[in-house]
Amino acid sequence: RSVNIVAFGNERDGFSEDNQQPSLIWSYLGRSALISQIDSSLSASHVGNPVFTEYQACVFGNVRLVVHDCPVWDIFDSDWYTSCRLIGGADIIVIKYSVNDKTSFQEIKDSYVPMVKKALNHCSVPVIISAVGARKNGVPCTCPLCTSDRRSCVTTSEGVQLAKELGATYLELHTLNDFYIQKYFGGVLEYFMIQSLNQKSSEKMKKRKKTQKSRRVQPPQLEQPEKMPILKGEASHYNADLHNLLCCCQCADVAFYPEDLSTVVEAHKIILCSVSHLFMLLFGVKSPSDAQDASVAQLAQSLFAVQAGDPFPSSPRGVPPCVPPVRVVVKDSVFCSCLPDILHFIYSGAFQWERLEEDIRKKLKDPDKTEHVLEKVKCILKTPGKLNTAKDCKSHQIKRLYNTSLRLFFNTPVLADVIFKIQGATVPAHRAVLVARCEVMAAMFNGNYLEANSIQVPVYGVSKDTFLSFLEYLYTDSCCPASILQAMSLLICAEMYQVMRLQHICELYIITQLQSMPSRELASTSLSIVSLLKKAKFHNSDCLSTWLLHFIATNYLIFSQKPEFQELSVEERNFVEMHRWPSNLYLKQLADYRNYIHSQKCHCTVM
């Protein structure tokens, strides 16, 4: 064990008459009762580098003490590497100065203390600042070769401030007698020596424990399971589906004409009624007595005239014979000329108000007529009893189409033009919504199929609840399965009718539910994951089937104990065994480690 001390500075007054007095460090080494076996050759001749003196001795009996005393600060200027090496190897640093040499103190403070701090580099090495000598308050020297403050004293407050900058311990040694050397300076120095030795012993013990720990047989490291494939959701195309319905005019059951019957604009009652109480009154969904706002009924009478009965000059396409066509004459010619743009606005969700303003402004090129048409649109779309302002329109406060509007007509006979027969029950629906949202339905109702001209359509292969959930998605673009099994049934229905986004939603629901299931519940559940895997594969749900295989492999210890595990095919079993977690290698290493620990306990010498 050893302690390294580095001392910087000259405690002698450069103008003192007594320049032969021993240094602070040498005085301590010579007088301390704890110091022994000082190397006489080194102490007698001060062998060493001319810049510093090296002393070697023993302290506390058997601790090697090495002291480097550097009275000249020039070592920092002439040999920065050596000064950094000395500070880097120091356990204790001592900085000395004379209280009667203000110039030297100022140079230490301004030039060398920053260098010491830089060399320490935030290391927690104790520093002792020793202010040596009794202050002399005589008259300053008047010699022109002397500076005016050469004999001025370094105050205590200046020394304490310097100690604060370094985080050091400040000592004032008025004279180098036994009391100041042994009791005062020696006591503080020996305290830091003991602290240094304790710290070294602690670090050595920690290193020894770490070495012993590294030599022990460590338990095997369990790697994380393989990351399961990420299933990405599909963006909604609800907007585009309903807008395309207007463009292709499939299953149109209403047509708007000008008073001269020169042109026709086709539309769908279900879409118009879902966004406007005025159209509900116009097509008989509501009676005038149900209207909460008389102005809505007045506008309907002044703007439109419904003429039913005979087929009109150009009957709407795709209307089955059982659904009578409706002809609506638009009395306002300016409004009628803008009707295609207004219908595009409605079918796009009735929220792109700025675009509608721009389209009508470009078409009419008359501010008064533009304002007239826009006011009519606001009145058509307004909620009864409430006033729609331009601000409401621009802030998207107008009642939108979509899930909040079409939901009103889900599973109701109002305006229904098709009835599904399923499990002895009937479910009303609207061809326009079905054709817009489902390509299989569009082909069924517009092709050369029996359903194209039938009111009642039988449905096979799915339950009533599942089919209702399927229709709810078509109307609202959302679904909320009650369980994993219901989600799988809905997925099968979605695959049957080729509604891919609904299929992805069901896949995500199943995955989310299984991921949130605790291991204990997974082990005790009666739900067959292998059965879900078989169904997912059979119904072309590749993403879900791949994920389920990884899920079984990740929870290998649970599923391998279940009877359903034997139902996996050879290919599936090989995949699960290859990707199983934990792996066979880990389990073997764990068994070997447990055997080793058990053998160590059996041969324990203590017990």
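Y586 is buried, its relative accessible area being 16%, where buried stands for under 20% relative accessible area, exposed for over 50% and partly exposed for what lies in between (1.4 Å probe, protein chains only). The model is a predicted one, in which local features need pLDDT of at least 70 and side-chain atom pairs count only at pLDDT 80 or more, while totals for chains, interfaces and linings use all residues. Residues are numbered from 1 along each chain as its sequence is written, and side-chain values use heavy atoms, with hydrogens and water left out.

Y586 belongs to helix α28 (residues 584–602); helices (H or I, at least four residues) and strands (E, at least two) are DSSP runs, numbered from the N terminus. Leaving aside residues up to four places away in sequence, Y586 touches P220, Q221 and L222, a contact being heavy atoms within 4.5 Å. Between Y586 and Q221 there are 7.7 Å in space, C-alpha to C-alpha, although the two are 365 residues apart in sequence.

In the loop between α27 (570–579) and α28 sits P582, which is joined to W581 by a cis peptide bond with omega of about -5°.

Helix α24 (residues 529–538) packs with helix α25 (residues 542–554) at an angle of about 155°, their axes lying 8 Å apart; axes are lines fitted to C-alpha atoms, for helices over the stretch in contact, and angles run from 0 to 180 degrees between N-to-C directions. That makes α24 roughly antiparallel to α25, since angles over 145 degrees count as roughly antiparallel, under 35 as roughly parallel, 65 to 115 as roughly perpendicular and the rest as oblique. On the α24 side the residues that meet α25 include I529, L532 and L533, and on the α25 side their partners include L544, L548 and F551.

As for cysteines, the count comes to zero disulfides, a disulfide being a pair of cysteine sulfur atoms within 2.5 Å. C247 is in no disulfide, and the nearest cysteine sulfur, that of C248, is 7.3 Å away; C247 is partly exposed at 48% relative accessibility. C251 is likewise in no disulfide, with the nearest cysteine sulfur, that of C248, 8.5 Å away, and C251 is buried, with a relative accessible area of 4%.
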